[in-house]
Amino acid sequence: MELTNHFPALIMAVLLGISFLSPILYRWARKASAPALITSLSLALVMAIYLLFQVLQVGEFTYYMGGWPPPYGIEFRLDLIRVYMLLVVLAVSLWIMVYALKDLEHELKTEVMGWYYTLYALVVGSMAGIALTNDLFNLFVLMEICAISACAIISVKEDRACLEASFKYLILSAMGTGCFLLGVAMIYMVTGQMNYDLVNAALPEAVELYPNNMFAASALFIVAFGTKAALFPLHVWLPDAHASAPSPSSAMLSGLVIKIYAFALFIMFYQLFPRPLLESIPLNEILLWLASMGIMFGSIFAMVQVDLKKMLAYSSIGQIGYVFLGIGLDDTIAITGGFYHLLVHAIMKSMLFMCAGVIIYSTGIRQIKQLGGIGQVLPITMFAFTIGSASMIGIPGTGGLISKWYLALGALEIGRPIFVVIILASSLLNAVYYMPIIVNAFMQQEQFEYQVKPVPRQMLIPLFVGVAALVFLGVFSRPFIVLLENAVQLLF
Amino acid sequence: MEDQIVRITSRLVAPFIQVYGIYVILHGHLSPGGGFSGGAIFGASLVLVALSFNLEVGAKQISHDTASVLESGGALGFVITGLVGVAVGANFLANRSAGFPLGEVGELFSAGAIFIITAFLGVKVASTIVTLFYNIIEGEEKSGNAH
Amino acid sequence: MEMLIKIAHNYYYMVAILLFIIGMHTMLTHSNLIKKVIAMNIMDTSVFLLFVAIGYTSGGAAPILTAPANEVLYVNPLPGSLMLTGIVVAVSITAYALSLVVKIYRYYGTVDYDEICLIRSQE
């Protein structure tokens, strides 16, 4: 079984390969291009599942690009938490793509479809790389690939709102990567290394000699990843970008792209910075309060929105706060909760954006107040929307409850009950803006007055899958929690 | 643009720029430069011709379609070169251990996979610059007609 | 005083940081989109300069292998090659940003962000 050793690199190779192949395929064999993309994504997913079992059996291992060990070569590291992230990225992106095939037909011009596949595969490939890489500069390059292609899957729609939102996103994310690169320069200056393990080994000594460099680097990293992951005061680009994009892109951006940067920051904290440094600077404390403010303000902003997709986008700012809250609480249970929320939110937010996409596809409505009575004409979609909202609020039986439960447990364990109050308050706020939509959709007596196009089955089946996944995550959460707890314990 | 001096000069200069671009691409493993710089030089020469004459003459050299196919092809070539390593049992992007002949240091045909990758990169960058140019120019024309 | 001497010794770091701040400030405050793109480049370039400055060894030759490495003093090639990659990335971001500006200009007839906001608010 020689080939299985190369799976970490092959995942990237398959995704990058299909992204470059897509335009050619779309030109010469148009029918084959969509199945080819789906096949590659599934292939990557199968490889990732195999990697999970391998990691469970033999523990963590590394892969050297070109056979060059560090410090010369780029290293991919596979431990439990990274493989978990990889699986989330690949599974959710495959699921979104199945939905996207139909939705995109009416949102995009036919001639750019091939390029959309390219960009999509690039986003997924770079995110898989970010999850696995163990090299600072490699991380920078992958972040830039991810940033360009994430902006491009917004601007591919070419209406004026999309272009403007995507430009704003590009400028702010360029600022983020600029800050990141400066931080890397600060670290390279004092350690002379790029590989995480080598930097980690060299840092304790370097911090003693040049403490200011490390302060600057950690501040720059928080700004960099905070901007890219829409941590509260740096979130200004998100609502426009996620709301104006085509619905599958919104699902992708809100579900996965912002989370991968939260994950990268987590890896910085726990695999790059030595523990004493983390304890000497109140990085976790800063993160905690920013996350809490994000949770509250994201929900409050979401309440006043009139546009359905914009409301979902603002809700993402609140929800990414939970992931950061888990990282900031710096406790095994809380981090487990944060990462469980990462999975649950990836599924529920993608599903809610898909529901919004179906509504726009079928009726062309974007305004919340026009949605009254829509439950009678689009019952399946609104059922999925209900389950997604229930999970957002954290109603028992859905995945959202479990993650909030573990976050609250973690907060109690380290003796900070104030964060339990914040979690509870934000659940209430979530209910305030999700419930009226559902109540209006189902309870309103008057007839729904807009024209309704029939929805193709290919768009509804992914919704069913999402509902099933959310309920499954709410009822049988144990194996995931155990896996995550093991993964997180390895980092302490 | 109907300028005799610009046309004749660019027609005279373009082949030399292209040869220089190819030189930089091929010597990427020996001297500063390589796929990116050489590809940019080569692509610039094509853009120069298209600018100083008109788009039809430019399209005779390399059409928009060919350029976009080459663009994907160059990047694919990079991935496939990397996969050769996996196919023969070494790591992804492996060079000597994948059996690429390394040759003598300082020779033109040396450095194994790096030489091949640089060549693919040159094709990719040159065609990307041409497609970028065409995309912006053609977009201008479309909107010009619309107004 | 000690601080000043330190700064004077490491003036190239200060130049890089100054450029970074100029770039970042222009990028975030100016309303002209083209200026934002230029500022983005200034910001990236400042980091590239910093990296190359880190890798420079005074008196070192360009790292092209002509004699065995222990006989000639070479400049550290790693930051240089990394920054080459960085420059490529910056070029592609610039190209994409400029193409977006072209498209935005086509829709709004201006590249000034304040005017775009005005046009959008009037709709």
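These legends describe close-up views of a predicted model.

View 1. Across the boundary, 40 residues of domain 1 are in contact with 42 residues of domain 2.

**View 2. The side of domain 1 of chain A that touches domain 2 of chain A.** Four helices of chain A each supply at least two residues here: α3 (80-107), α8 (211-229), α9 (238-244) and α10 (247-272). The largest share, 14 residues, comes from α10(A). By class, this side of domain 1 holds 28 nonpolar, 8 polar and 4 charged residues.

**View 3. Helices α14 and α20 of chain A.** Helix α14 spans residues 332-363, and helix α20 spans residues 478-489. Their axes come within 9 Å and cross at roughly 125 degrees. The two helices are therefore oblique to each other. The crossing of α14(A) and α20(A) is right-handed. From α14(A), the contact uses A:T332, A:I335, A:T336, A:F339 and A:Y340. From α20(A), it uses A:F480, A:I481, A:L484, A:E485, A:V488 and A:Q489. This contact has 7 nonpolar, 3 polar and 1 charged residues.

**View 4. Chain A against chain B.** Here 15 residues of chain A are in contact with 18 residues of chain B. On the chain A side, helix α1 (residues 7-28) gives the largest share, 9 residues. The side of chain A that touches chain B divides into 10 nonpolar, 4 polar and 1 charged residues.

How values were computed: Residues numbered from 1 in each chain as written. Chains lettered and ligands numbered in written order. Predicted model: local features only at pLDDT ≥ 70, side-chain atom pairs only at ≥ 80, totals over all residues. Axes fitted to C-alpha atoms, helices over the stretch in contact; angles between N-to-C directions. Parallel < 35°, antiparallel > 145°, perpendicular 65-115°, else oblique. Left-handed = near helix turned anticlockwise from the far one by under 90°. Contact = placed C-beta atoms within 7 Å. Nonpolar A, V, L, I, M, F, W, Y, C, P; charged D, E, K, R; others polar.
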